[in-house]
Amino acid sequence: MDLIVFYLFATLAVIAALGVVALRNPVHAALCLAVVFISLAALYVLLSAPFVAAAQVMIYAGAILILFVFVIMLLSPGVDQGAGALKWQRPLAAVFGLALAVELILVLASAVLPAARGQYTPERLAQIGDVQAIGALLFTDFLLPFEITSLLLLVAMVGVIVLAKKRVRS
Amino acid sequence: MPDAQTLTLISPELLLSIFGLLILLVDVIWREKSQSALPWLAILGFALALAATLYIWGSNISLFAGMYMVDMFSLFFKVVASLAGILITLVSIDYLRQRTPYRGEFFAIFTFSILAMMLVASSASLLMIYLSIEFLSYTSYLLTGFLREDKKSNEAAIKYFLYGAVTSAVMLYGLSLLYGVTGSLNLTDIAAAFSATVDSTVRMIALVSTMLVLAGLGFKISLVPFHQWAPDAYEGAPTPVTAFLSVGPKAVGFAALLRVALTALPQWVLPAPPPAPVKEIPLVLAVVSIITMTLGNLIALRQTNVKRLLAYSSIAQAGYMLIGVVAVNLTGNSPFSGLNGILIYLFAYLFTNLGAFICVIAIENATGIVEIPEYAGLVKRAPLVAALFVIFFLSLAGIPPTVGFIGKFFVFGAALREGWLYLAAIGVINSVISVFYYFAVVRQAFFEAPKDATPIRLAPLVTLSLVVSAALVLAFAIYPQPLLNLAAWSMGMVK
């Protein structure tokens, strides 16, 4: 059962991802991106990580995608008419992309991934709670990255305001 | 809540965070009145961070569940970062005065970018490496595009950002592969997982993921073929920021590369005893190094803008430094381990390249000149700058008696010791080529008649930082012992 759901959503994610890069109309591409995000959320549920799935839907499918759609609306770029001056890049990009894909598939298919299983098994998560486990880790083992992220976001915010706001001081 | 010992060990980072926030706050509260005090606040922060780094000098401990290493290797880079911070802030003061009203934000973001450098140097987990490199990237993009009214600055920032976003996505892909294979974010655990498996296909995964990671780090270091952003970003960015871009991200890019290579992948990087063939990763790096130094030098020959010239020169310099990574061998008690070569080289390059850029800033501030033909007769207009240009270019080319020579000596020496004869030979040939373009500038400055003979007045702070960096370039060449000790101690990271 799990496997069927996995293949269903994995296929959906791959097809939608192809749509993001292949579709000419930016609004269609953005909608495909929404499908990718939601399929990924379904995969997280399968991996017994409902909190990550919910965050994925809220942050990516909600906030970030809406932002994309807003930018598309404000700029109204219209339908992409082909590559123009960069036409020669398309076949080249396709060749290199395929080469990388083949390489990765070969490597990943031939290797037995020896990764160790972590301590947070589904049974253990059911016992202590998914959100509790993430919260505890965030403020113990992952305290430093957590704090650095807050600084990073602050700097990004200040910088964007400096670069984008109307000139008031002179 | 981390205990007092942990807080002491991360005090340089804490101090810089506090001062960065303080600058923002003071700027908001006192506005115009505080403008002239803000850079000094930043300098005070860097000086205190430097003092804190020297206070915990000699520590060797891993913090935050193995994510963060406070060892001599990272402390070395923290010293480098705080010194670069002080010098660049000194020369930014005059440069920014006429060019942007947002100086408070500039110094705050700059303080955070030095903080990000320190974080990269200490990172010992894939998560921390990615996060701190992104931190450094964001601040670099912002600083590059800081001159909003200047089209070139905008163009530079956009190119830098698009390029950086793509390479960091590629790097993230490589990091996720490494995590997927080994089940750990921690570099030492990754090494343990690799050495525990006998499956030969794991070698391929290590190779592929390392190449993907190399794309992201190669972008920071400006290795060919990830170098195209460098000339445009260097030309368009405010010149003090260019000076920062040419040393800061490059130095810590090497720090991250060395940390990943030596802690997580020693099995795939360090050479086996002689009969074994050369491993793939050093071989790839050797090819990249050859292409990087040759291409950088050949294109530099044709540049007429001094900022672009220094951009291509810094690409070539990255190629020389990479020789040290190729030739790393930590067995035995040789003075040429490769690792110490890179550290000495980075230290030498930092002051030399900063010095060269400060010369450019001194001239640009007073006259707006950045084209090499307009440097004609510089020796009559600004004799100090012209003379120091010669010292810095001698050092960049690796000619004694400058500290650049000592760096090249230890890097090429390591290549010879490890049997990379052709690599060392190509490095030497490239150094000779580089003399041509460095001394094209010197020839203009010394032997051409000036079109406009009015003397150029230098701002006192710029003169001060010029003299300091020139003094360091010469002093460490004449008495290199502290540098040799420093680099030897920093090698304690790998046992």
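This report walks through the contact between two chains of a predicted model, then visits a few local features.

## The interface as a whole

The size of an interface is often given as the accessible area lost when the parts come together. Here, the area buried between chain A and chain B is about 3,500 Å², and carbon and sulfur atoms give 77% of that area. Chain A brings 35 residues to the contact, while chain B brings 46 residues.

## The side of chain A that touches chain B

Which elements of chain A give two or more residues to the side that touches chain B? They are α4 and α7 (143-164) of chain A. The most comes from α7(A), with 15 residues.

Sorted by class, the residues on this side of chain A are 25 nonpolar, four polar and six charged.

## A helix pair across the interface

One pairing is worth a look in the viewer: helix α4 (residues 89-110) of chain A with helix α9 (residues 201-221) of chain B. The axes of these two helices come within 9 Å and cross at roughly 145 degrees. The crossing of α4(A) and α9(B) is left-handed.

On the α4(A) side, the residues in contact are A:Leu100, A:Glu103, A:Leu104, A:Val107, A:Leu108 and A:Ser110. They meet B:Thr201, B:Met204, B:Ile205, B:Val208 and B:Leu212 in α9(B). By class, this contact of α4(A) with α9(B) has eight nonpolar, two polar and one charged residues.

## Salt bridges

B:Asp94 and B:Arg97 form a salt bridge, with their closest N and O atoms 3.3 Å apart. Both B:Asp94 and B:Arg97 belong to helix α4 (residues 72-97) of chain B. They sit three residues apart, which is about one turn of the helix.

## Backbone features in the loops

Now for some backbone geometry to look up as you browse. Most residues other than glycine have a negative phi, and most peptide bonds are trans.

In chain B, a cis peptide bond joins B:Val224 and B:Pro225, with omega about 5 degrees. B:Pro225 is found in the loop between α9 and α10 (229-236) of chain B. A cis peptide bond also joins B:Pro400 and B:Pro401, where omega is about 0 degrees. The loop that holds B:Pro401 runs between α17 (383-397) and α18 (403-417) of chain B.

You will find A:Ser48 in the loop between α2 (26-46) and α3 (50-75) of chain A.

Technical notes: Residues are numbered from 1 along each chain as its sequence is written. Chains are lettered from A and ligands numbered from 1 in the order in which they are written. This is a predicted model: local features need pLDDT of at least 70, side-chain atom pairs count only at pLDDT 80 or more; totals for chains, interfaces and linings use all residues. Side-chain values use heavy atoms; hydrogens and water are left out. Axes are lines fitted to C-alpha atoms, for helices over the stretch in contact, and angles run from 0 to 180 degrees between N-to-C directions. Helices (H or I, at least four residues) and strands (E, at least two) are DSSP runs, numbered from the N terminus. A crossing is left-handed if the near helix is turned anticlockwise from the far one by less than a right angle, and right-handed if clockwise. Contact means heavy atoms within 4.5 Å. Ala, Val, Leu, Ile, Met, Phe, Trp, Tyr, Cys and Pro count as nonpolar, Asp, Glu, Lys and Arg as charged, and the others, Gly among them, as polar. Buried area is the accessible area (1.4 Å probe) that two parts lose on being put together, summed over both. A salt bridge is a side-chain nitrogen of Lys or Arg within 4 Å of a carboxyl oxygen of Asp or Glu.
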